[in-house]
Amino acid sequence: MHACMHKKDFLPSPLLCSIKTKPDELYSFLLLKLSSFFSLRFSTMETLSCSASDLAPLLNSINDTSAAASYLCSRFETVSNNLSDTAFAINTTYLLFSAYLVFAMQLGFAMLCAGSVRAKNTMNIMLTNVLDAAAGALSYYLFGFAFAFGSPSNGFIGRHFFGLKDIPSPVNDYSFFLYQWAFAIAAAGITSGSIAERTQFVAYLIYSSFLTGFVYPIVSHWFWSGDGWASPTRTDSLLFDSGVIDFAGSGVVHMVGGIAGLWGALIEGPRIGRFDRSGRSVALRGHSASLVVLGSFLLWFGWYGFNPGSFLTILKAYGQSGGYYGQWSAIGRTAVTTTLAGCTAALTTLFSKRLLVGHWNVIDVCNGLLGGFAAITSGCSVVEPWAAIICGFVAAWVLIGCNKLAEKLKYDDPLEAAQLHGGCGTWGVLFTGLFARESYVNEVYPGRPGRPYGLFMGGSGKLLAAQVIQILVITGWVTATMGPLFYALKKINLLRISREDETAGMDMTRHGGFAYVYHDEDDPSQKPEFMMRRVEPTDGTPTPDYQNV
């Protein structure tokens, strides 16, 4: 039987049946092209090349070999374009889904914060979480994204894409902005926990806009933009031949938010009653352990967008294409390392606090869990799962130690945000310099063979040195920007509420009533002395009193 009868579904019959010689060579050539095409399109995003000169020798018995070859190449081009669109759609969908997960962490932050404060300040802290997202969206849209990723630029600050001008582009798309905005407001949410229960509403608006629009974007430009002076993706002049590996932001997000909160809480001072006259610590416990636990689970869920999502794309092969191993595998490994670090930290905190204080405390366990997540965020993509267990174990003790130090220094942080995010984030940056595996580093940051890797994994100390530089510059930058801002707000009486308002609770004095009212008679805001006056029309017509109808 003629070859065209077996393979007529692959090429048009008139074209195929006119071939009198070399049909098998033709099919071998085409199948090879298709095989290469599929593996390339879904791994390296390269374009399949096809020219008439390639196919003409195999079609020498066709009357018009050039037309036949052009026809076949046009089929390749059509398929190539369709699969290119599909690849972009898959990667964009992956990034958008990750952005939604990271944004869902705002709900986790809100619940965690609400449960960690006293009931009389619940509405206030919930409102600040809403403001972090709302004010942060505008400031990051107008300035922040451009400062962070406005390439081409210098090593210090970006200078393009203000107000998302010229987006989408071959470099950035709207999905990338949304993902980075979700990160920016996470940093602001960390800071709000440190200064909870005593901060004026206007101060939240000012610091949140400044942090998400300027302070945080500059740091993310340094370490995540291709132009940043310490970025591992620079094309030349890498810091210590490595750049800083802070994959998902133990330094960029957690240290920035934690150190900003540290300065806010230090400048404001502790809450009334947090320390007695002799200087001894007095526990001001949050009102709802249930909200803390639920918020922690939501943050855990969102961290799977925070860490694995930082790959930005999923459709990429490592090494030989067509195999089972690729970026999708690295994403799965990153989710595993994230899980193991958090769980190890939670269990370590559970038993450690049991030995130290004599009881099992769910609040401490939740904070330990989050501390493990904050620590692994830097090296989650470049370390082995067993190393993540070490990361979580040490992170738990870092958090316990920071809390002991804070108590001795009479530092008051209602959510332990500075200790958790600042302390554990710092450990996570150092951990990456110690345990980053060579092969993983080269896969995640390709193109420069021989990159430095973890000191304890056989590498030199160059990567660790770069990580130490990151800790120093973030600490210095946030101190130089957020410290003066909080101090200026204090000097103009815009930072802390009055003693009377703090004692009564901000829900009543600033937000019109308590968050929890079980009976109308239990709500002081409904009593005559707390009722707000009605605004009467200018024509003198009284407003009907519907309450007495």
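Guide: What follows goes through those topics in turn.

Visitor: What kind of model is it, and how are residues numbered?

Guide: This is a predicted model, in which local features need pLDDT of at least 70, side-chain atom pairs count only at pLDDT 80 or more, and totals for chains, interfaces and linings use all residues. Residues are numbered from 1 along each chain as its sequence is written, and side-chain values use heavy atoms, with hydrogens and water left out.

Visitor: How many helices and strands?

Guide: There are 18 helices and zero strands. Both come from DSSP runs numbered from the N terminus: H or I of at least four residues for helices, E of at least two for strands.

Visitor: How much of the protein is buried?

Guide: Of its 549 residues, 52% count as buried. Buried means under 20% relative accessible area, with exposed over 50% and partly exposed in between, using a 1.4 Å probe on protein chains only.

Visitor: And what share of the contacts is between residues 24 or more positions apart?

Guide: Among contacts with a separation of 6 or more, 71% are between residues 24 or more positions apart. A contact is heavy atoms within 4.5 Å.

Visitor: On to rings. How many aromatic pairs are there?

Guide: The structure holds 35 aromatic pairs. Rings of Phe, Tyr and Trp (its six-membered ring) pair if their centres lie within 6.5 Å; planes under 30 degrees apart are stacked, over 60 edge-to-face, and the rest tilted.

Visitor: Why does the pair of Tyr-207 and Phe-486 count as tilted?

Guide: Their planes are at 40°, so the pair is tilted, and the ring centres are 5.9 Å apart. Tyr-207 is in helix H8 (residues 201–224) and Phe-486 in helix H16 (residues 462–491), so this pair links parts of the chain 279 residues apart.

Visitor: Are those two buried or exposed?

Guide: Tyr-207 and Phe-486 are both buried.

Visitor: Which residues do ring pairs link into a cluster?

Guide: The cluster consists of Phe-143, Phe-147, Phe-156, Phe-162, Phe-210, Phe-214, Trp-222, Phe-223, Trp-229 and Trp-477.

Visitor: What lies over the ring of Tyr-440?

Guide: The charged end of Arg-333 sits over the Tyr-440 ring, 3.6 Å from its centre. Arg-437 also lies over the face of Tyr-440, at 4.6 Å from the ring centre. The criterion is NZ of Lys or CZ of Arg within 6 Å of the ring centre and within 35 degrees of the ring normal.

Visitor: What lines the largest cavity?

Guide: The largest cavity holds about 110 Å³. It has 13 lining residues, of which Phe-109, Leu-112, Leu-415, Ala-417 and His-421 are the closest to its centre. H5 supplies the largest share, four residues. By class, the lining has eight nonpolar, five polar and no charged residues. Ala, Val, Leu, Ile, Met, Phe, Trp, Tyr, Cys and Pro count as nonpolar, Asp, Glu, Lys and Arg as charged, and the others, Gly among them, as polar.

Visitor: And the second largest cavity?

Guide: Its volume is about 50 Å³. The lining divides into two nonpolar, three polar and three charged residues, and Lys-353, Asp-364 and Glu-416 are among its members. H13 gives the most, with three residues.

Visitor: How much space lies in the largest pocket?

Guide: About 1,400 Å³ lies in the largest pocket. Its lining has 42 residues, and Val-171, Phe-176, Phe-311, Leu-312 and Thr-313 lie nearest the centre. The largest share, five residues, comes from H7. The classes are 22 nonpolar, 16 polar and four charged.

Visitor: And the second largest pocket?

Guide: That pocket has about 890 Å³ of space. Of its 33 lining residues, Arg-274, Ala-283, Arg-285, Asp-364 and Glu-416 are the closest to the centre. Its lining divides into 13 nonpolar, ten polar and ten charged residues.

Definitions and conventions. 1 Å grid on protein atoms, 1.4 Å probe; cavity = no way out; pocket = protein on both sides within 12 Å on 5 of 7 lines; lining within 4 Å. Points joined across faces, edges and corners; volume = space filled by probe spheres on them.
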